[in-house]
Amino acid sequence: MNDVAQVLAGLGSRVGSRPGLVHAGRRASFTFLLEIGERPFLVELDRGRVAAVEEGPFVMRSWSFALRASAGTWQKFACRYPEPGFHDIFAMNRFGHCRIEGDIDVLLAHLGHVKAVLSCLRDDAS
């Protein structure tokens, strides 16, 4: 995977091409911040679909929770077979590779869907 940010731009079509995933997340409507190094991205979910992915910087934009990690960490996460500690957002948090901030209740309420959406970053990984 060359650039996670490039793959992130196509996340909407990747998720949209999986009707089961969209249906499973039909109650997920919120925005979260995904920070890749110093590059912030807002990912808007609307009834399970990725409605928009916007690159910042942002001024006074709201989000429910944030996932912050270095570009190298997201590249390791987005590999087809990530190494231990980079296979899951909570593993990355546990080992100090990622910070999870904000309204954790929203994340936990939709955890399965958020993890499935982020796993779409691995679609074309080698």
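Modeller: Let us start with a term: a residue is buried if its relative accessible area is under 20%. F32 is at 1%, so F32 is buried. Keep in mind that this is a predicted model.

Biologist: How do strands of a sheet pair?

Modeller: Strands pair through backbone hydrogen bonds, and they do so either parallel or antiparallel. Here 5 strands form an open sheet, and the pairing is mixed. Read the order as β3-β2-β1-β4-β5. The edge strands, β3 (49-55) and β5 (98-102), each pair on one side only. From one strand to the next, the twist averages 20 degrees.

Biologist: In what sense do β1 and strand β2 pair, and over how many bridges?

Modeller: Antiparallel, over 7 bridges, with β2 covering residues 39-46. Find T31 and look across to β2: its bridge partner is E44. The hairpin of β1 and β2 has 2 residues between the strands. There G37 takes a positive phi near 65 degrees.

Biologist: In what sense do β1 and β4 pair?

Modeller: Parallel, over 4 bridges. L34 has L67 in β4 as its bridge partner. Now move on to β4 (residues 65-69) and β5. They run antiparallel, and 5 bridges join them. R68 stands opposite R99 in β5.

Biologist: What describes a pair of aromatic rings?

Modeller: Take F30 and F32. Their ring centres are 6.4 Å apart and their planes at 45 degrees, so this pair is tilted. F30 is buried, with a relative accessible area of 8%.

Biologist: Are the rings of F32 and F65 stacked or tilted?

Modeller: Stacked, because planes under 30 degrees apart count as stacked, and here they are at 5 degrees. The ring centres lie 5.1 Å apart. F65 counts as buried, at 0% relative accessibility. F32 lies in strand β1 and F65 in strand β4, so the pair ties together parts that are 33 residues apart in sequence. F30, F32 and F65 form one aromatic cluster.

Biologist: Which charged end sits over the ring of F77?

Modeller: That of R122, 4.2 Å from the ring centre. For another case, look at F95. The charged end of R94 sits over its ring, 5.6 Å from the centre.

Biologist: How do I read one side of a helix?

Modeller: An α-helix has 3.6 residues a turn, so residues three or four places apart point the same way.

Biologist: How many disulfides does the structure hold?

Modeller: It holds 0. A disulfide needs two cysteine sulfur atoms within 2.5 Å. For C98, the closest cysteine sulfur is in C79, 16 Å away, too far for a bond. C120 is in no disulfide either: its nearest cysteine sulfur, that of C79, is 16 Å away.

Biologist: Are C98 and C120 buried or exposed?

Modeller: C98 is buried, with a relative accessible area of 4%. C120 is buried too, at 0%.

Note on methods: Residues numbered from 1 in each chain as written. Predicted model: local features only at pLDDT ≥ 70, side-chain atom pairs only at ≥ 80, totals over all residues. Heavy atoms only, no water. Pairing = 2+ DSSP bridges. Axes fitted to C-alpha atoms, helices over the stretch in contact; angles between N-to-C directions. Buried < 20%, exposed > 50% of the residue type's maximum accessible area, 1.4 Å probe, protein only. Phe/Tyr/Trp six-rings, centres within 6.5 Å; stacked < 30°, edge-to-face > 60°. Lys NZ or Arg CZ within 6 Å of the ring centre and 35° of its normal.
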